[in-house]
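Thanks for coming, everyone. I'll keep this brief: some helix packing, then the cores. Let me put the structure up.

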Amino acid sequence: MRETKTARIERMHKEYDILCRMIPQPQCALHFTSPLQLLIATVLSAQTTDKRVNTVTPELFATYPTAHDLAEANPAQVEDIIHPLGFYRSKTQHLIGLATALDERFDGQVPQSMDELTSLPGVGRKTANVVLGNAFGIPGFPVDTHVMRVTGRLRWRSDWRSTHLDPVKIEREITACFPPEEWTDLSHRLILFGRSTCHARTPDCANCPLAATCPSAGISAK
């Protein structure tokens, strides 16, 4: 029998309640003490892990504590610091361009709106949502590969069969089912659940607390 939208949303909330008990205090995995640091760390996290980003940001933040400092940086010195992350040349260009825009347009401060954040070079909607939710407490729902995978396997979204996923569409469909004050923690929990249990290649269905209601439990990874 095909699941109705009402039944799906009811199941989503029951499964999310389980995730809340499983992960009671979700936190951003990137280390930061200011909105600028989080913005920089999030940009650096593309195509690498948060854990690896955290190994280079202490030196980066100490060397360039303000947007103006980073805007004026010698690219070779920035490259040397972030070299372990890979793609360090392009990432250096992105960081200096981003810092320059912050310095010239926002007096070195990180803006607090989606439109202003995404107007910055190299800042997409996912990065903006990370900053809004974790640095400013403004509801944001970052959609990364874990969120796309987990919501697809759980069939929380209508396009779960699709191989051409639209993160903005996923964001809108999932957030429509939850109150805004839950969006940031919801994203964190889905990401952490994806990392710990609902792995990309071999999901740990045998030990998954959602297996009883997950439509994909026991099915080969997809």
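Which residues in α2 meet which residues in α6? On the α2 side they are Leu36, Leu39, Ile40, Val43 and Leu44. On the α6 side they are Lys91, Leu95, Leu98 and Leu102. By class, that contact has 8 nonpolar residues, no polar ones and 1 charged. Keep in mind that this is a predicted model.

Now the geometry of that pair. The α2 and α6 axes come within 10 Å and cross at roughly 150°. Angles over 145 degrees count as roughly antiparallel, so α2 and α6 are roughly antiparallel to each other. Their crossing is right-handed.

Next, another partner of α6. Helix α5 covers residues 75–82, and helix α6 covers residues 88–105. Their axes come within 9 Å, with a crossing angle of roughly 120°. That makes α5 and α6 oblique to each other. Here, too, the crossing is right-handed. From α5, the residues in contact are Pro75, Val78, Glu79 and Ile82. They meet Tyr88, Arg89, Lys91, Thr92, Leu95 and Ile96 in α6. By class, the contact of α5 with α6 has 6 nonpolar, 1 polar and 3 charged residues.

On to the cores. In soluble globular proteins, nonpolar side chains tend to be buried together. The largest nonpolar core here has 38 residues. Which of them have the most contacts inside it? Leu39, Leu60, Ile82 and Leu120. Several helices each supply at least two residues of this core: α2, α3, α4, α5, α6, α7 and α8. The most comes from α2, with 7 residues.

Take Leu60 as an example. What does leucine 60 touch, leaving out residues up to four places away in sequence? The list is Ile40, Leu44, Val78, Ile81, Ile82 and Leu95.

One last residue. Threonine 57 lies in helix α3. Is threonine 57 buried or exposed? It is buried, with a relative accessible area of 2%. Which residues does threonine 57 touch, again not counting those up to four places away in sequence? Ala41 and Leu44. Leu44 is also on the list for leucine 60.

That's my tour. Over to you.

Terms used
Residues are numbered from 1 along each chain as its sequence is written. This is a predicted model: local features need pLDDT of at least 70, side-chain atom pairs count only at pLDDT 80 or more; totals for chains, interfaces and linings use all residues. Side-chain values use heavy atoms; hydrogens and water are left out. Axes are lines fitted to C-alpha atoms, for helices over the stretch in contact, and angles run from 0 to 180 degrees between N-to-C directions. Helices (H or I, at least four residues) and strands (E, at least two) are DSSP runs, numbered from the N terminus. Angles under 35 degrees count as roughly parallel, over 145 as roughly antiparallel, 65 to 115 as roughly perpendicular and the rest as oblique. A crossing is left-handed if the near helix is turned anticlockwise from the far one by less than a right angle, and right-handed if clockwise. Contact means heavy atoms within 4.5 Å. Ala, Val, Leu, Ile, Met, Phe, Trp, Tyr, Cys and Pro count as nonpolar, Asp, Glu, Lys and Arg as charged, and the others, Gly among them, as polar. A nonpolar core is a set of buried Ala, Val, Leu, Ile, Met, Phe, Trp, Tyr and Cys residues joined through side-chain atoms within 4.5 Å. Buried means under 20% relative accessible area, exposed over 50%, partly exposed in between (1.4 Å probe, protein chains only).
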